[in-house]
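Please look over the sequence and the model shown here. Then read on for a short report on some of its features.

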Amino acid sequence: MRRFVNVFVLLSLFLLPLPLLAAPDEDVELDMDEYLFGHVRDSYDWHVTTINGKPVSIPLPVIVISKTGGGLKVFSSRHLEEGGYEGFRIAPSDSKYAGKIVEIAPDGSEVRPWDFSMTKNVAGLLINSAILLLIVLGTARWYRKHDAREEVPTGGVGLMEMLVTMVEDDIIKDCVGPDYRKYSPYLLTAFFFIFVNNLMGIVPFFPGGANVTGNIAVTLVLALFTFFTVNIFGNKHYWKDILWPDVPTWLKAPLPLMPLIEILGMFTKPFSLMVRLFANILAGHFMILGVVAVIFLTAKMGIAINGGLSAVAVLLGVFMDCLEILVAFIQAYVFTMLSAVFIGLSRQDPEAETN
């Protein structure tokens, strides 16, 4: 019990800066849409905090290729905040390209250039990947220098061993089947990649706070990895069940009803992986931001009401952040488990089972 209290206190001190970093300007009425979506959407700079009404942000490199003959342009996103750079600017909210970089054509119209810029989510993805790489290499280094049969790892190395063993034994081995070792590298990478990005998304200050796994483009790529792994390494029985399943012939020919349903199922599985991870992480961010917003929504209701609700909002926000740590683990676990199940289903061998 004492350890639990100590961990909760440390997390509380760690997460208490969230209300301050999420605070809007005092003189501006809170716009809930901008407040919520401004914290979770991607951007061309990395907003850190606001001091005396002035935003403090880290500029990121903008890399665009003009479609009007201007060629390749590389410049700092700081120029976009100053009104634009050589015909490039951020599209206003009433534009169909709102929030994106556009180029002003000679006729005055807005044209989307080829955009390869490093946005906040891209920078967060690189930072989180570097953190994961350091953790894995640090763990591997310990095992190179120590004999695990004689010395028990402790600290971070011990935690990594516990997580790897849990994912390997409880998920991969049971769900995939006898040849599970072939797929362990991908499934372990997926688990730790999602887990680290989920955790870093909860951290309220730089280099955390990037909404990486709450971005549907990222979860789409993760789901596609599972999709290609399942369908490239699926055995002949897997493809037989899809193209010619064991059902009455009239369900397969002349109208291929069941094969069409099975083919549709090939795509609904990765779609569910993509949406589940994206929606749960994004909803968690919205819930925390919504609780923190109570502080500013009640600012004009008097000291008593604002003070009381602010204290409740901060405590509830810290509690929900702690809950998000559990959600971060669960979502990584569920994605890995479902991926392992789909891979295992594509590797079944009924003949071996009957023998």
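## Lys240 and its partner

Lys240 is partly exposed, because its relative accessible area is 35%. In this predicted model, Lys240 forms a salt bridge with Asp246. The closest N and O atoms of the two are 2.9 Å apart. Is Asp246 buried or exposed? Asp246 counts as exposed, at 64% relative accessibility. The cut-off for exposed is over 50%.

Side chains of opposite charge can pair when their charged atoms come close. How many salt bridges does a search of the whole structure find? The search finds 6 salt bridges.

## Two salt bridges between distant parts of the chain

Glu86 and Lys73 form another salt bridge. Here the closest N and O atoms are 2.8 Å apart. The pair links distant parts of the chain, 13 residues apart. Glu86 lies in the loop between helix 4 (78-81) and strand 5 (88-90), and Lys73 lies in strand 4 (residues 72-76). Lys73 is partly exposed, with a relative accessible area of 22%.

Arg89 forms a salt bridge with Glu110. The closest N and O atoms in this pair are 3.0 Å apart. Where do the two residues sit? Arg89 is in strand 5, and Glu110 is in strand 7 (residues 110-111). The two are 21 residues apart, and the pair links distant parts of the chain. Arg89 counts as partly exposed, at 33% relative accessibility. Glu110 also counts as partly exposed, at 23%.

Strand 5 pairs with strand 6 (residues 101-104) over 3 bridges, in the antiparallel sense. Arg89 stands opposite Val102 in strand 6. In a regular strand the side chains alternate between the two faces of the sheet.

## A hairpin

Strand 1 (residues 45-51) and strand 2 (residues 54-59) run antiparallel. They are joined by 6 bridges. Ile51 stands opposite Lys54 in strand 2. How many residues lie between the strands of this hairpin? There are 2 residues between them. In this hairpin, Asn52 takes a positive phi near 55°.

## Enclosed space

Now for the empty space. Rolling a probe the size of a water molecule over the atoms shows where empty space is left. The count comes to 3 cavities of 30 Å³ or more. The largest cavity holds about 70 Å³ of space.

Which residues line the largest cavity? Among them are Thr226, Phe227, Tyr238, Lys269 and Phe342. Helix 8 (216-232) and helix 10 each give two or more residues to this lining. Helix 8 gives the most, with 4 residues. By class, the lining of the largest cavity has 6 nonpolar, 2 polar and 1 charged residues.

The lining of the second largest pocket divides into 15 nonpolar residues, 1 polar and no charged.

Asn128 has its place in helix 5. Is Asn128 buried or exposed? Asn128 is buried, because its relative accessible area is 2%, and buried means under 20%. Leaving aside its neighbours within four places in sequence, Asn128 is in contact with Val196, Asn197, Met200 and Val212.

Val275 is found in helix 10 (residues 257-297). Val275 is partly exposed, with a relative accessible area of 30%. Its C-alpha atom is separated from that of Leu220 by 8.2 Å. Along the chain, Val275 and Leu220 are 55 residues apart.

Key
Residues are numbered from 1 along each chain as its sequence is written. This is a predicted model: local features need pLDDT of at least 70, side-chain atom pairs count only at pLDDT 80 or more; totals for chains, interfaces and linings use all residues. Side-chain values use heavy atoms; hydrogens and water are left out. Ala, Val, Leu, Ile, Met, Phe, Trp, Tyr, Cys and Pro count as nonpolar, Asp, Glu, Lys and Arg as charged, and the others, Gly among them, as polar. Buried means under 20% relative accessible area, exposed over 50%, partly exposed in between (1.4 Å probe, protein chains only). A salt bridge is a side-chain nitrogen of Lys or Arg within 4 Å of a carboxyl oxygen of Asp or Glu. Two strands pair if DSSP finds at least two bridges between them. On a 1 Å grid over the protein atoms alone, a cavity is a set of points where a 1.4 Å probe fits but cannot get out, and a pocket is an open set with protein on both sides within 12 Å along at least five of seven lines; lining residues have an atom within 4 Å of a point. Grid points are joined across faces, edges and corners, and a volume is the space filled by probe spheres set on the points. Contact means heavy atoms within 4.5 Å.
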